[in-house]
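Dear colleague,

Please find the structure below. My notes on what was found in it follow.

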Amino acid sequence: MKAIVKTKPGPGIEIQDVPKPACGENDILVKILAGSLCGSDVHIYEWTAGYEWLPMPIINGHEFAGEVVEVGENVTGVSVGERITAMPRMPCGECTACRIGRGDACKNQIALGMRKNGALRSTCC
Ligand SMILES: [Zn+2]
Ligand SMILES: [Zn+2]
């Protein structure tokens, strides 16, 4: 499949062939049906000061909608065929905030498309 990838410091991005992601036991695999660009994607593209921490290579994109095509064995509440979007900030699940159900206040959140590969991928090729 094709993906939009930030590969190196400096302005620009690349379109690369990447493998289909694996669906782990705690994951769901989503066929991306629509994606959009956020201001942070523009900052990543333009290489605005303050984004030097970005790990590379990384697949960009955290605003999307899609259809669930695989569900890991430990996942509940989501089924194959459902149409979804996601909160692009993933709480760690281990800190005090997370343990009291306040993942929104987690200081260790992982941002999809910035700390973990994101959603700007094709599903057609
Ligand atoms: Zn955004
Ligand atoms: Zn946390």
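**Fold**

Along the sequence, the chain of this predicted model runs β-β-β-α-β-β-β-β-α-β. That comes to 2 helices and 8 strands, where helices (H or I, at least four residues) and strands (E, at least two) are DSSP runs numbered from the N terminus. The radius of gyration is 15 Å, close to the 14 Å that the globule rule gives for 125 residues, so the chain is as compact as a globular protein of that length. This radius is taken over C-alpha atoms, and the rule is 2.2 Å times the number of residues to the power 0.38. Along the principal axes, the C-alpha atoms fill a box of roughly 40 × 40 × 20 Å.

Of the 125 residues, 32% count as buried. Buried means under 20% relative accessible area, exposed over 50%, and partly exposed in between (1.4 Å probe, protein chains only).

**Zinc site**

The zinc ion (ligand 1) is held by Cys 38 (SG), His 62 (NE2) and Glu 63 (OE), at 2.1 to 2.3 Å. Donors are N, O and S atoms within 2.8 Å of the metal (3.2 Å for Na, K and Ca); water is not among the atoms, so sites may look incomplete. The spacing of the donors along the chain is C-x23-H-E. His 62 is buried, with a relative accessible area of 8%, whereas Glu 63 is partly exposed, at 30%.

**Pockets**

A pocket is an open set of points on a 1 Å grid over the protein atoms alone, where a 1.4 Å probe fits, with protein on both sides within 12 Å along at least five of seven lines; lining residues have an atom within 4 Å of a point. A volume is the space filled by probe spheres set on the points, which are joined across faces, edges and corners.

The largest pocket holds about 1,100 Å³ of space. Its lining has 37 residues, with Asp 27, Ile 28, Leu 29, Val 30 and Leu 112 nearest the centre. Strand E3 (28-36) and strand E5 (63-71) are the elements that give two or more residues to this lining, and E3 gives the most, with 5 residues.

The second largest pocket has a volume of about 170 Å³. Its lining includes His 62, Trp 53 and Arg 115.

**Conventions**

Residues are numbered from 1 along each chain as its sequence is written, and chains are lettered from A and ligands numbered from 1 in the order in which they are written. Local features need pLDDT of at least 70, side-chain atom pairs count only at pLDDT 80 or more, and totals for chains, interfaces and linings use all residues, while side-chain values use heavy atoms, with hydrogens and water left out.

Regards
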